[in-house]
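Here is a short report on how the parts of a structure pack together. It goes from the core to the domains, then to a helix pair and the chain contact.

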Amino acid sequence: MLNRNARLTAAAAIAATGLALTGCAATTGESGSGPANITFWGWAAGYERSVALWNESHPGIQVKYEAIANGGAGGYDKMLTAAKAGTAPCLAQIGYETFSSFLAAGLLQDVTEHAEARRAEFPDWVWGNVGIDGKTFGVPVDTAPMGLFYRADLFKDAKIEVPKTWEEFRTAAAAVKAADPKSRIMNLPTDPYLYAGFAWQGDAPWFGVNGDSWTVTMDSAANSKVAGYWQGLFDEGLVTSHPAFDAALYTAWNSGEVWAEVGPVWSASLIRDNAAGSAGKWAVAPMPRWDSADSVGNSGGSATAVMKGCAHPEEATEFALWMSTDDTSVSNLIKSAAILPASKSGLASTALDTPESYYGGQPIYQLFRAESAKVNPNWRWGPVMSTTASALGDGLGKVPTGSATFQDALTSTQTGTVTALQAQGFSVSK
Amino acid sequence: MSPVTRQRPGRVRELRRAAPFVLPFLLLFVVVYLVPTGYSVVQSFFAVKRSGLGLGGAETVFAGLGNYARVLQDGDFLASLGRVGFIGVIQVPVMLGIALLLALLLDSSVSRGRRFFRIAYFVPYGLPGVIAALVWSFLYAPTLSPIAGLFASIGVDVSFVTDGALPFSIANILTWAWTGYNTILIYAALQAIPEETMEAAALDGCSGWKAALLIKVPLIRPALLLTLVFSIIGTSQLYNEPVTMKSVAPNLPSTYTPIMAAVRSLSANDFNYAAAQSVVIGAVICVLSVLVFRASARSVT
């Protein structure tokens with residue numbers, strides 16, 4: 001009996017080794033057991049093409065890309081419900097702002113053992129967005145450091161210096177209004193995730209990890225400083241208050257009633273596509289700084305996350321690393337989605353040196369390449385960001401009507417977030 | 001043999017004959033209605049327990065009425081119920097009043113171009129709700145609105161998206177979209193009134209508006225009741241219009257209506273609480289519908 005059991009164990013062990021070997025050999029496509037199949041949900045332009053490039057050169061690991069709705073527009077809800085139903089994909093595009101929420105919901109697969117070796121290929125602050133406690137759950141694809149987009153023609157005509165600090169920005173704001181009473185320097189950032197970029201830069205974190213509990217610090221003094229700055233510009237009538245991403249704002253960009261936008265790298269296409277009438281007149285400068293602190297904010301960017309239940313986490317990680325670092329894949333993503341790559345090799349791509357005609361021939365991505373090294377590393381997203389962001393959006397939405405301030409919005413979001421975290425069973429410490 | 005047992009074979013045969021007609025409906029009713037409802041009710045009695053940062057995954061535990069206690073303490077959710085109640089109390093009577101008036105006009109023997117108006121009234125209903133809300137959003141958007149622009153040119157400052165104006169702006173979209181639909185329902189009921197009844201009324205000297213209000217309206221009471229219940233259910237489920245308008249009215253909170261609040265819980269991965277919220281919405285609608293039916297049944301008898 002014992003003998004038979006031992007033999008069975010040996011057979012099982014051999015079979016398992018065999019499987020493991022085929023797993024390794026699968027990339028060459030010579031094994032008989034068929035390729036590893038990996039499903040990948042995402043929405044960004046260019047992903048499908050990168051997947052096709054991979055599938056051509058890697059017959060042993062076949063990735064099946066399925067385009068879904070943009071995360072914030074229902075994509076994340078689809079992933080959450082799929083995870084609940086047990087039909088989640090192996091890989092999913094998840095923005096950094098939502099990554100922590102998926103992590104805290106226990107939906108992501110720890111792939112540290114497969115990814116750790118290549119960690120050095122990414123800047124530290126970026127890698128910090130795809131894990132916690134030294135563990136890794138995905139691979140960063142792109143980042144979105146912020147910059148100052150401005151109407152070079154109008155600034156020049158009015159002889160206003162392009163502001164380098166927030167103090168200079170306030171002076172410039174007053175000068176713009178003085179030069180043309182109908183115009184303002186910028187639109188008030190009332191979108192919660194856009195506003196987060198300013199808090200990020202201002203060394204005003206919202207969340208942190210303290211041992212085994214979360215900390216929420218949206219009502220900190222550092223946050224009050226950033227909030228107070230924007231409230232000040234609004235109270236002095238130096239900014240417009242159109243809804244974020246609204247046609248009214250685009251019209252104002254086009255007509256020269258709003259002269260600048262401090263926004264993430266993807267604002268480049270947002271402005272280009274929505275203010276076609278002012279082509280060639282825009283330029284990009286570094287984001288204004290807080291006094292002497294040479295750091296910038298980030299607002300956006302996403303990762304390829306490995307979801308729990310994935311049958312081939314190693315192969316999935318291998319693909320995700322390839323998509324973010326391989327030259328053909330990264331060049332494709334830069335070209336079709338105008339992303340700023342997260343990996344160091346991707347950042348070195350010459351595709352980022354192209355002059356942009358909309359920006360008067362300025363090679364704007366060179367600037368963002370340099371700025372991406374200066375992103376403030378002390379930022380962590382919270383575990384239930386959809387609640388935090390809607391609460392903050394609700395609060396900031398009231399600012400233009402005058403019925404609430406930036407500080408009110410932060411205070412109520414702090415309370416709402418802590419309540420939501422506790423209701424869901426997270427531990428929260430002060 | 002008792003009469004009851006004698007009846008049995010007949011009923012079984014009847015049921016067997018009816019089965020092919022009823023089963024497809026029953027099957028769909030069970031699969032897309034009863035099962036999800038039951039699942040939501042079950043989910044609403046559970047809660048997810050996490051510990052620390054949540055990385056260890058979650059454990060589902062029985063929570064009894066815990067989620068319902070949370071609903072009752074959720075100020076945002078209760079406010080959303082109040083808001084929709086307010087919109088409904090204003091909008092439903094106005095809409096049904098207009099619908100009844102239009103239907104009576106269509107039905108009246110002196111009106112012309114009936115076929116045209118029948119279609120014209122119905123057209124807004126044919127437009128998908130989100131598209132209609134988008135178009136209205138442009139008409140409401142403070143800097144783009146041609147209506148606000150017109151008022152501004154004569155020196156009057158009008159905004160459709162202030163906190164105070166929002167319920168009325170939304171009620172206006174609902175009225176625009178659904179009046180025609182209700183008009184057609186009421187008109188169909190008017191058409192079913194026997195010609196002789198109206199002739200008899202005319203002989204007795206009752207005609208025109210008097211006949212419409214005193215004879216036609218009481219006769220179509222069941223249709224009016226039906227439109228009332230449909231409207232109450234529809235307004236309780238308000239979602240498309242406010243969500244679409246949020247892009248031009250950032251001051252519109254993300255928990256404006258009960259369904260928006262439930263969707264927000266779902267996005268927060270708080271499925272069990274979202275289920276409890278949904279069950280409460282369903283229960284409120286159910287109770288309201290029963291009350292309306294009951295009240296009207298009493299007044300008819």
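## Nonpolar cores

The largest nonpolar core has 130 residues. Such a core is a set of buried Ala, Val, Leu, Ile, Met, Phe, Trp, Tyr and Cys residues joined through C-beta atoms within 7 Å. Buried means 20 or more other C-beta atoms within 10 Å of the residue's own, with C-beta atoms placed from the backbone. A:Ala305, A:Val306 and A:Met307 have the most contacts inside this core. H9(A) gives the most to it, with seven residues. Domain 1 and domain 2 of chain A both contribute residues, so the core lies between them.

A:Met307 touches residues including A:Ala83, A:Pro89, A:Leu107 and A:Gln109, leaving aside those up to four places away in sequence. Contact means C-beta atoms, placed from the backbone, within 7 Å.

The model is predicted: local features need pLDDT of at least 70, side-chain atom pairs need 80 or more, and totals for chains, interfaces and linings use all residues. Residues are numbered from 1 along each chain as its sequence is written, while chains are lettered from A and ligands numbered from 1 in the order written.

## Domains of chain A

Domain 1 covers 35–143 + 300–348, and domain 2 covers 146–298 + 370–429. These bounds come from an automatic or database domain assignment. The C-alpha centres of the two domains lie 27 Å apart.

In the contact, 18 residues of domain 1 meet 20 residues of domain 2. On the domain 1 side, H4(A) supplies the largest share, seven residues. That side has nine nonpolar, seven polar and two charged residues. Nonpolar here means Ala, Val, Leu, Ile, Met, Phe, Trp, Tyr, Cys and Pro; charged means Asp, Glu, Lys and Arg; the others, Gly among them, are polar.

## A helix crossing

Helix H9 (residues 192–201) of chain A and H17(A) have axes that come within 9 Å and cross at roughly 90°. They are therefore roughly perpendicular (65 to 115 degrees). A:Pro192, A:Tyr193 and A:Tyr195 of H9(A) meet A:Ala389, A:Leu392, A:Gly393 and A:Leu396 of H17(A). By class, the contact has six nonpolar residues, one polar and no charged.

## Chain A against chain B

The contact between chains takes 37 residues from chain A and 30 residues from chain B. H17(A) gives the most to the chain A side, with seven residues. The chain A side divides into 16 nonpolar, 15 polar and six charged residues.

Terms used
Contact = placed C-beta atoms within 7 Å. Helix = DSSP H or I, 4+ residues; strand = E, 2+ residues; numbered from the N terminus. Axes fitted to C-alpha atoms, helices over the stretch in contact; angles between N-to-C directions. Parallel < 35°, antiparallel > 145°, perpendicular 65-115°, else oblique. Buried ≥ 20, exposed ≤ 12 C-beta atoms within 10 Å, placed from the backbone.
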